[in-house]
Amino acid sequence: MRAVVLDGQGTAKVEELPDPEPGADGLVVAPVAVGICGTDLHLAHGDYPTGRFPVVPGHEFSGTVVKVGPEVKGFAPGDRVCVDPNVACGACEQCRAGATNLCPDLVPIGVGADGACAELVRVPAKVVYRLPDGLDFATGALVEPLACVLHAASRIRPIKDQRVLVYGAGSIGLLAVAYARAQGASTVDVIEPSAVRRGAAVEFGADAVHAPGERPARHDVDLAIEASGHPTAVSDALDRLAKRGTLLQMGVVSPESAINLFPYDLFDRELSLVGSQSLATAFPDAVRAVLDLPRLSERMVTHTFGLKDYTAALEAARSDTARKVHILPQQ
């Protein structure tokens, strides 16, 4: 089979690899749509802490079941599916508490194990979900980022009637805007340097959009959702939080980055700093919730590429014209 292989040194090549087998408890899936996100951009440069190299990327995906392991029940060749990429042990303290994303033995598909930027991928059956009837494959590949937003929302108090400010209008930021609007936020503003992405944020429900430095008010935001991964945005978000405000950190910031933090602000304004990494147990909720976001793939997916053009897909994902870039492995 053909597959994209990252070497951790900034090189991505399409190589011929052996076809995977399902094993006793797994499935082999032919990916149809595979999303590229910020994690993949870090992974491609070798600076994602849990990356294992060489690795086949691709953790946001949907496709068709090709082979079924002998111990697997409930799936058959031809089933249309999407996949939770986080394969946790299920037995440790974190897993028992529902924090499967923090499992010390977590093996993320497409990061720590070969992923879906390939003609075939092997996945454990326990992380596979059927696509709802009528849902297209492109939308199926958006379930994973939506699950990340749902998990993040579970880490904070209800959004209803809160003043929300979102940093970054990439795919996660746009989904966060749509979710905050659907949950009854009183206002949803966005800070985003790209004029094209600011326009997308309005389409997804933002009340107002701003370039960095254009939003003058301070201490007026109940919830700041940082979805850009830039340290300067984290610092700016802290400055904008009202009393008892919350910073929800979703963006993937380089592990070497640091910001100045004034503990007195935490004390005096009773601020809350909340991290949200990946999706924990939110994937099945996202499979259902995606049905409430009509025309999602049509509105979200702006670029598609075949496997051979993976490097070009990465460049598109870095551009300010991209909302979501998809790889189509079967083309």
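**Notes on the predicted model**

1. Strand 3 (residues 26–36) has 10 of its 11 residues buried, so this strand is largely enclosed by the rest of the structure. The model is a predicted one, and the points below should be read accordingly.

2. Strand 3 has antiparallel pairings with several strands. With strand 4 (residues 60–68) the antiparallel pairing extends over eight bridges, and Ala-33 stands opposite Ser-62 of strand 4. With strand 8 (residues 121–124) strand 3 pairs in the antiparallel sense over four bridges; here Val-29 faces Val-121 as its opposite residue. Strand 17 (residues 324–327) is joined to strand 3 by three bridges, again antiparallel, with Gly-35 opposite His-326.

3. A parallel, open sheet is built from six strands in the order 12-11-10-13-14-15. Strand 12 (208–210) and strand 15 (272–275) are at its edges with a single partner strand each, so one side of each has no neighbour in the sheet. On average, neighbouring strands of this sheet are turned by 20° against each other, direction ignored.

4. Within this sheet, five bridges link strand 13 (residues 221–226) to strand 14 (residues 241–249) in the parallel sense. In this pairing, Leu-223 stands opposite Thr-246 of strand 14.

5. Helix 7 (residues 231–240) lies across strand 10 (163–167), strand 11 (187–191), strand 13, strand 14 and strand 15. Relative to strand 14, helix 7 runs at about 155°. Its buried residues are Ala-233, Val-234, Asp-236, Ala-237, Leu-238 and Arg-240. These buried residues pack against strand 10, strand 11, strand 13, strand 14 and strand 15, and also against helix 8 (263–269). As background, an α-helix has 3.6 residues a turn, so residues three or four places apart point the same way.

6. Which residues line the largest cavity? The lining consists of Val-149, Ala-152, Ala-153, Ile-159, Ala-176, Tyr-179, Ala-180, Ile-225, Leu-248 and Met-250. Helix 4 (143–154) and helix 5 (171–182) each contribute at least two residues to this lining. By class, the lining comprises 10 nonpolar residues, with no polar and no charged ones. The space in this cavity amounts to about 50 Å³, and the structure holds one cavity of 30 Å³ or more.

Key: Residues are numbered from 1 along each chain as its sequence is written. This is a predicted model: local features need pLDDT of at least 70, side-chain atom pairs count only at pLDDT 80 or more; totals for chains, interfaces and linings use all residues. Side-chain values use heavy atoms; hydrogens and water are left out. Two strands pair if DSSP finds at least two bridges between them. Axes are lines fitted to C-alpha atoms, for helices over the stretch in contact, and angles run from 0 to 180 degrees between N-to-C directions. Contact means heavy atoms within 4.5 Å. Buried means under 20% relative accessible area, exposed over 50%, partly exposed in between (1.4 Å probe, protein chains only). On a 1 Å grid over the protein atoms alone, a cavity is a set of points where a 1.4 Å probe fits but cannot get out, and a pocket is an open set with protein on both sides within 12 Å along at least five of seven lines; lining residues have an atom within 4 Å of a point. Grid points are joined across faces, edges and corners, and a volume is the space filled by probe spheres set on the points. Ala, Val, Leu, Ile, Met, Phe, Trp, Tyr, Cys and Pro count as nonpolar, Asp, Glu, Lys and Arg as charged, and the others, Gly among them, as polar.
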